[in-house]
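Subject: Structure for you to look at

Hello,

Here is the structure I said I would pass on. Please open it beside this email and follow the residues as they come up.

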Amino acid sequence: MTIPEGARRRYASSVREARARRTRAHVVATAGKLFAARGYAGTSMRQIAAEAGVSLETVTQTGRKPQLLLAAFRDGFAGDPDAMDLDALAGPAGPADLPSVVSNVAAGVRRSLPIWRAFTTAAAADAEVAAVRAELAVARRAEIVHRLSAAGLAPEGGSAGRLADAIGLITSHEAYDHLTTVCGWAHEEYVAWAAAAIPAQLTLGWSAGGRL
């Protein structure tokens, strides 16, 4: 049976696209390992190319160094270098099983903690990385506000942002790192604490000015 020319072109195109996605995922994963082990400043694009076994051009086509750092973080956190929100971890916004959501988010935090440390260190010395990190913080706050609203948990009076800040702190890499690395908590202890701390925040009566 002869395959129509148009079908052959579509097949070839889909094969190329799949190959490009696999190559990009490999480059991002390799970059993440190097950033976590050597830090942002200690990792060059050439090193990423050599470790990944691809050309430097392939790495640069995947993205500039700050973009690779962001993609590697998203890959570690959500399992997707292009993830833009928590849906991959927590499901769509709306009423949800809080302990399950916290457990999934904590797992993402644990996976991506080494890259987040590299991210934080790089942001202190690189203005472009600092800008990316700041954008992440703004997006995270807005997403938590959206999830609170979708679940019917947003406080009245325009104080949802303050509540989101508190929840963001509880579920942050910094909080996780402090409690598990500095204080020696087990991962499961952190999950239990966070799952209890978030509902406690919902009972505090946040005001628009941040006062309780």
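What follows is a list of findings, grouped by the kind of interaction. Please keep in mind that this is a predicted model.

Salt bridges

Side chains of opposite charge can pair when their charged atoms come close. In this structure the count comes to 7 salt bridges.

One of them is between the side chains of Arg 24 and Asp 82, with N to O at 3.0 Å. Arg 24 belongs to helix H1 (residues 5–38), while Asp 82 is in the loop between helix H4 (65–78) and helix H5 (87–90), so this pair ties together parts that are 58 residues apart in sequence. Arg 24 has a relative accessibility of 26%, so Arg 24 counts as partly exposed. Asp 82 also counts as partly exposed, at 45%.

Another salt bridge joins Arg 64 and Glu 128, whose closest N and O atoms are 2.5 Å apart. This pair, too, links distant parts of the chain: Arg 64 is in the loop between H3 and H4, Glu 128 is in helix H7 (residues 127–150), and 64 residues separate them. Arg 64 is partly exposed at 45% relative accessibility, and Glu 128 is partly exposed at 35%.

Arg 117 and Asp 177 form a salt bridge as well, with the closest N and O atoms 2.7 Å apart. Because Arg 117 lies in helix H6 and Asp 177 in helix H9, the pair ties together parts that are 60 residues apart in sequence. The relative accessible area of Arg 117 is 37%, so Arg 117 is partly exposed.

There is also a network of salt bridges, which links Asp 87, Glu 143 and Arg 147.

Aromatic rings

A pair of aromatic rings is described by the distance of the centres and the angle of the planes. How many aromatic pairs does a search of the whole structure find? The search finds 8.

In the pair Tyr 176 and Tyr 190, the ring centres are 4.9 Å apart and the planes are at 85°, so the pair is edge-to-face. The cut-off behind that label is an angle over 60 degrees. Tyr 176 is in helix H9 (residues 173–182) and Tyr 190 is in helix H10 (residues 187–202), 14 residues apart, and the pair links distant parts of the chain. Are Tyr 176 and Tyr 190 buried or exposed? Both are buried.

Tyr 190 also pairs with Trp 193. Here the ring centres are 5.9 Å apart and the planes are at 45°, so the pair is tilted. Tyr 190 and Trp 193 both lie in helix H10, 3 residues apart, which is about one turn of the helix. Tyr 190 is buried at 2% relative accessibility, whereas Trp 193 is partly exposed at 33%.

Elsewhere, one aromatic cluster is formed by Phe 73, Phe 77, Trp 116 and Phe 119. A ring can also have a charge over it: the charged end of Lys 65 sits over the ring of Tyr 40, 4.3 Å from the centre of that ring.

The nonpolar core

The largest nonpolar core has 51 residues, and those that touch the most other members are Phe 35, Ile 48, Leu 68, Leu 69, Phe 77 and Phe 119. Helix H6 (residues 98–125) gives the largest share of this core, 12 residues.

Take Ile 48 as an example. Apart from its neighbours within four places in sequence, Ile 48 is in contact with Val 27, Thr 30, Ala 31, Leu 34, Phe 35, Thr 43, Val 59 and Leu 68.

Thr 30 is found in helix H1. Its relative accessible area is 7%, so Thr 30 is buried. Leaving out neighbours within four places in sequence, the contacts of Thr 30 are Ile 48, Glu 51 and Ala 52.

Thr 62 lies in helix H3 (residues 56–62). Why does Thr 62 count as buried? Its relative accessible area is 19%, and buried means under 20%. The side chain of Thr 62 reaches the backbone oxygen of Thr 58 at 2.9 Å.

Regards

Technical notes:
Residues are numbered from 1 along each chain as its sequence is written. This is a predicted model: local features need pLDDT of at least 70, side-chain atom pairs count only at pLDDT 80 or more; totals for chains, interfaces and linings use all residues. Side-chain values use heavy atoms; hydrogens and water are left out. Helices (H or I, at least four residues) and strands (E, at least two) are DSSP runs, numbered from the N terminus. Buried means under 20% relative accessible area, exposed over 50%, partly exposed in between (1.4 Å probe, protein chains only). A polar contact is a pair of N or O atoms within 3.5 Å; within protein, one must be able to donate a hydrogen and the other to accept it, and residues adjacent in sequence count only if both atoms are side-chain atoms. Rings of Phe, Tyr and Trp (its six-membered ring) pair if their centres lie within 6.5 Å; planes under 30 degrees apart count as stacked, over 60 as edge-to-face and the rest as tilted. A charge sits over a ring if NZ of Lys or CZ of Arg is within 6 Å of the ring centre and within 35 degrees of the ring normal. A nonpolar core is a set of buried Ala, Val, Leu, Ile, Met, Phe, Trp, Tyr and Cys residues joined through side-chain atoms within 4.5 Å. Contact means heavy atoms within 4.5 Å. A salt bridge is a side-chain nitrogen of Lys or Arg within 4 Å of a carboxyl oxygen of Asp or Glu.
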